[in-house]
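Welcome! Take a moment to look over the structure below, and then we will walk through a few of its parts together.

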Amino acid sequence: DSFFRSFTRGRSNMSKGYHALSSAAALLNKQAKKGTRSWSRALPSFETPMDAMADSPARLEVDPAHMKPLGTWSAEQMEKSRAENPFLMTWVPGKARENVPLLTHGHGVYVYDNTGKQYIDWTSMAVCNNIGHSIPKQVVDAVAQQMSTLSFTFGGIGVTEVRVRLNQLLGELLPGDLRPAVYPSSGAEANEAGIMMARRFTGRHKVMSWYRSYHGATASASAATGDFRRWYGSDMNPGFVKAFNPFPLFFDHGGRGATEEERVESALAMLEEQILNEGPHNIASIMIESVVGAGGCLVMPPGYMQGVRAICDQYGILMHVDEVMVGFGRTGKLFGFENYDGVIPDIVVAGKGLAGATVPLSMMACNTELMEHFEEIPLGWGSTYQAHPVALAAAYENLKYFISEDVLGNVQRIAPLFERHMQELESKHGCIKQYRAIGLFGCFDVQDPNGANPKLQHEPPVNPEAFAAYKKAYAEAGLVGLHRYPHIHSAPPLVINEEELADGFDRLDQALTVLNRSLGH
C-alpha cells in the first residue's frame with residue numbers, strides 16, 4: 001500500500017509538472033506567432049450608396065440623335081462623332097482612321113463618300129464584294145424573310161431549311177468528292193476548323209505553310225500565315241513550319257537561268273527535303289493558297305500544285321487549300337485550285353465571295369473520307385454563329401444570283417481585256433517592275449529607279465513620301481482599295497463591265513503617274 005501511494009503521488013506530481021510545462025510552451029508559442037496574425041480589411045463593396053443612386057437616371061440616357069433613322073445624320077454630325085469617339089483600325093495604327101473616307105452608299109462597282117465623291121471599288125473592298133454594291137433584291141428579301149421567321153438557331157440545337165438547301169447546292173458545285181462540312185463566320189475561322197480537322201484525323205501536329213501567305217488573324221490561322229502579320233504575336237504558337245514557295249524574292253530555285261520546269265523541280269525537291277527533316281509522321285497538313293492573294297497574286301507554275309498533291313499522297317499528309325480570297329469566281333474558275341489540272345485538295349476553305357460580303361460567312365469543305373471519319377467522333381471545333389441562318393440565306397441567294405446571271409462567264413469574257421490593261425500600264429510606267437494577272441485578279445510590283453524593291457516587310461518604305469503621294473493621288477482619282485505596297489492590287493467586282501474597267505485603269509494610270517514621278521523615274 002505504501003508503495004502504491006508513493007507511486008500515485010509521483011505520477012500526480014509528474015502530471016502537474018507536465019501540464020505546467022505544456023502551459024508555458026503554449027504561452028511561448030502564442031507569443032512567438034504574434035507577428036504572423038492577419039490584418040483586418042474591408043472587402044470592396046458592390047453596393048451603391050443610396051445618395052449616389054439618387055443621382056443616377058431612372059433609365060438609360062444617350063444622345064437623342066441615335067433615335068433618328070440611319071442615313072439622316074449630317075456630314076458634320078458624323079465627322080464630329082468620329083473625332084470625339086475614336087476607334088481602332090486593324091493592320092495600321094489607329095490614327096489612320098482620320099484618312100479613311102466616310103462612305104455613305106454604293107451602287108454597282110461604285111461607292112460614294114459623305115461629300116458625294118464617287119470612287120470605283122478597285123479591290124472589291126478586301127477582295128470580297130464580288131457582286132458589287134447593288135445587292136440583288138432576292139438576297140435582301142431572303143435575309144429579311146429569314147430574320148422575320150427564325151433569326152437564329154444554334155447549329156447544334158436546330159437545323160434550318162436554308163442550311164439543308166445551301167449544303168446541297170455547294171455539294172453540287174464542289175468538284176470531286178468534296179463536300180461542305182461547317183459554316184464559320186470568317187475565313188480565319190474556316191482555316192481554324194480545317195487545321196483542327198487535319199490534326200484530329202491524322203493524329204499529327206505540324207502544319208506546313210508558305211512564307212508569302214496569309215490565312216487569317218485567329219490563333220492557328222495567324223500562326224500559319226507567312227507574312228509580317230504573324231509577327232504581332234502568333235510566332236509563339238507551336239507546330240507551324242514555313243516553307244518557300246516557287247517565288248522567293250532574292251534567289252531562283254534551280255539557280256539563275258533555270259527553266260520554269262527546272263525551277264518547279266527544285267522547289268518541290270526543297271519542299272520534300274524539308275518535310276523529311278521535319279518528320280513526315282509529324283505533319284498533319286500542307287496549307288496553301290491556290291493563288292497567293294495579299295502576297296501579290298502569285299499563280300503557281302505548271303506542275304507545282306500537282307507536285308505538292310503527289311508529295312502529300314506519298315507521306316499521308318492532307319492538302320489544305322485556302323480559297324478565301326479567290327474562291328467563287330475571282331480567277332475565272334469557281335475555285336482557284338481548278339486552274340491546276342487534276343488537283344483536288346483534301347480540305348478547302350472559302351469565304352468572302354460565298355455571301356458576296358453581304359453578311360459574314362465562310363465554309364470549310366473536305367473529302368468523303370474525312371467526312372465519314374467524323375461521323376462517330378467530334379470535329380473538335382465550334383462557334384456560336386457557325387451556320388447562322390441569316391448568313392446562310394444571304395449566301396444561298398447570292399450563289400443562285402451568281403449562277404443565274406452567269407457572273408463566272410463575265411469574268412472569263414472580260415479577263416483578256418483586264419490583262420491587256422495591266423500590260424499597258426506596266427509598259428508605260430518605269431516604277432512598275434512586272435505584273436501578274438488571272439481572271440479579274442492582278443498585281444503590279446513596284447521598283448525604285450535602280451530596280452530594287454522599295455519596301456520589304458520588316459522595314460518602312462525607302463521613300464515613304466512617294467507612297468504617300470501615290471495614295472493621295474489614288475483617292476483623288478476616285479479609287480478605293482487595299483494597299484499592300486510595294487504590291488498594287490487590281491481586283492474589281494466580278495460584275496464590272498468593259499467601260500467601267502477602262503475607267504478604273506485610267507484612274508489608276510493617274511495615280512501611277514504620280515508614283516512614277518515621286519520615285520524619280
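Let us begin with strand β12, residues 363-366. Met363 and Ala365 point one way from this strand, Met364 and Cys366 point the other way, and all are buried (under 20% relative accessible area, with exposed being over 50% and partly exposed in between, using a 1.4 Å probe and protein chains only). Helices (H or I, at least four residues) and strands (E, at least two) are DSSP runs, numbered from the N terminus.

Strand β4 (residues 179-182) runs antiparallel to β12, joined to it by 3 bridges; two strands pair if DSSP finds at least two bridges between them. Arginine 179 has cysteine 366 of β12 as its bridge partner. Strand β11 (residues 347-350) also pairs with β12 in the antiparallel sense, over 4 bridges, and here valine 349 stands opposite methionine 364.

## About the model

This is a predicted model, in which local features need pLDDT of at least 70 and side-chain atom pairs count only at pLDDT 80 or more, while totals for chains, interfaces and linings use all residues. Residues are numbered from 1 along each chain as its sequence is written, and side-chain values use heavy atoms, leaving out hydrogens and water.

## A helix with a kink

Helix α13 covers residues 407-428. Its 22 residues should span 32 Å at 1.5 Å a residue, and the end C-alpha atoms are 31 Å apart, which agrees (the expected span is 1.5 Å times one less than the number of residues). Where is the kink in α13? A kink of about 45° lies at isoleucine 414, shortly before proline 416; the bend is the angle between axes fitted to the seven residues ending there and the seven starting there.

Buried residues of α13 include Val407, Ile414, Phe418 and Leu425. The helix's buried residues pack against α12, β13, β14, β16 and α15, where contact means heavy atoms within 4.5 Å.

## Salt bridges

How many salt bridges are there? The count comes to 15, taking a salt bridge as a side-chain nitrogen of Lys or Arg within 4 Å of a carboxyl oxygen of Asp or Glu. One of them joins arginine 229 and aspartate 227 (2.6 Å, N to O). Arginine 229 counts as buried because its relative accessibility is 4%, and aspartate 227 is buried at 9%.

Another joins lysine 400 and glutamate 397 (3.0 Å, N to O). Both lie in helix α12, 3 residues apart, about one turn of the helix. Lysine 400 is partly exposed at 32% relative accessibility, whereas glutamate 397 is buried at 13%.
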